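Dear colleague,

Please find below the structure that I am handing over to you, followed by a short account of what was found in it.

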Amino acid sequence: MAIPQTKMELRPMGNTGLKVSAVGFGASPLGSVFGPVAEDDAIATVREAFRLGINFFDTSPYYGATLSEKMLGKALKALQVPRSDYIVATKCGRYEEGFDFSAERVRKSIDESLERLQLDYVDILHCHDIEFGSLDQIVSETIPALQKLKQEGKARFIGITGLPLDIFTYVLDRVPPGTVDVILSYCHYGVNDSALLGLLPYLKSKGVGVISASPLAMGLLTEQGPPEWHPASPELKSACKAAVAHCKSKGKKITKLALQYSLANKEISSVLVGMSSVLQVEENVAAVTELEGLGIDKETLSEVEAILEPVKNLTWPSGIHQN
Ligand code: NAD
């Protein structure tokens, strides 16, 4: 059965020629990392996302120890639409059992991912959380291996992901232009932390597409709160909790405000939100439509920004010491 798609803003992604939906579907929750998600719910959530115009889906073998890729694969197959109608990104180098950015492992990794996703190719293959590996190995071994996979048609474009922002300039300054097509940054373009802003002109000058993930700060900016494993400090957690409580007391949804804040910057190709229910998809898509029509609720935004001011751009350590 054909699924009628509604109109959602599509944005160019660097020099790739891809047109991705402003809201992208973060599939880590489908790996049950924020709480259990039943297969039927995962399929219905992806279906609703696609129906409402989301064409970009992000996963990794790491999410739920490969469960996210398997669930997303089933859900995309169930759409029964041409492969070219959706854009899929997965990752390599980070696994349940640890990190391995060797050429041999990433070559094996893409074949395993394609099998789980039931696809012949992915649109983007990212090196996942590169700050946990040697950045020099990423430059000299991993990215050249990914280039070969690109030539073989298993991945159309190459990306790098991670938390510290200086990893992106380190790698991009050392690879030939056009080698890395996109970067994925997370928890650095939201109401509590907008440090990515400073890097946008540099990324633009390199023609690199920008994916910004976790506008809800991996659950900090939600009424249900963050999962157990969330790495934020108690100070950051309690400031976000206060911001959530403030919105709730005004009858406002912090998720809408936080997502709209991230979406408002058009230099970002896609904002990846983790979603695990049809209701969340509908709420998040409505937030985009409302942003285009009414704009952001400036009064509540400035109140929330004031609450978060003491923790602005406060992050947490991630990765190994690089020499
Ligand atoms: P997020 O900030 O998008 O928050 C996700 C949480 O918010 C989940 O618990 C989800 O159920 C909840 N949520 C979403 N919409 C909601 C709504 N309307 N109301 C209430 N709750 C809502 O964090 P995330 O999922 O970690 O990030 C998004 C995606 O980005 C991930 O799924 C993943 O695909 C990608 N990502 C990649 C990296 C990386 O490569 N290193 C890191 C983080 C995220």
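The ligand is surrounded by 30 residues, a residue being near a molecule if one of its heavy atoms lies within 4 Å of it. The closest are Ser-28, Asp-58, Asp-129, Leu-216 and Gly-274. Please note that the model is predicted, with local features needing pLDDT of at least 70, side-chain atom pairs counting only at pLDDT 80 or more, and totals for chains, interfaces and linings using all residues. Residues are numbered from 1 along each chain as its sequence is written, and side-chain values use heavy atoms, with hydrogens and water left out.

- A side-chain N or O atom of Thr-161 is 3.2 Å from an oxygen atom of the ligand.
- For Met-218, a backbone N or O atom lies 3.0 Å from a ligand oxygen atom.
- For Gly-274, a backbone N or O atom lies 2.8 Å from a ligand oxygen atom.

Of the 830 Å² of accessible area (Shrake-Rupley method, 1.4 Å probe) that the ligand has on its own, the protein covers 94%. By class, the shell around the ligand holds 13 nonpolar, 13 polar and four charged residues, where Gly counts as polar and Asp, Glu, Lys and Arg count as charged.

Note on methods
Polar contact = N/O pair within 3.5 Å; in protein donor to acceptor, adjacent residues only side chain to side chain.
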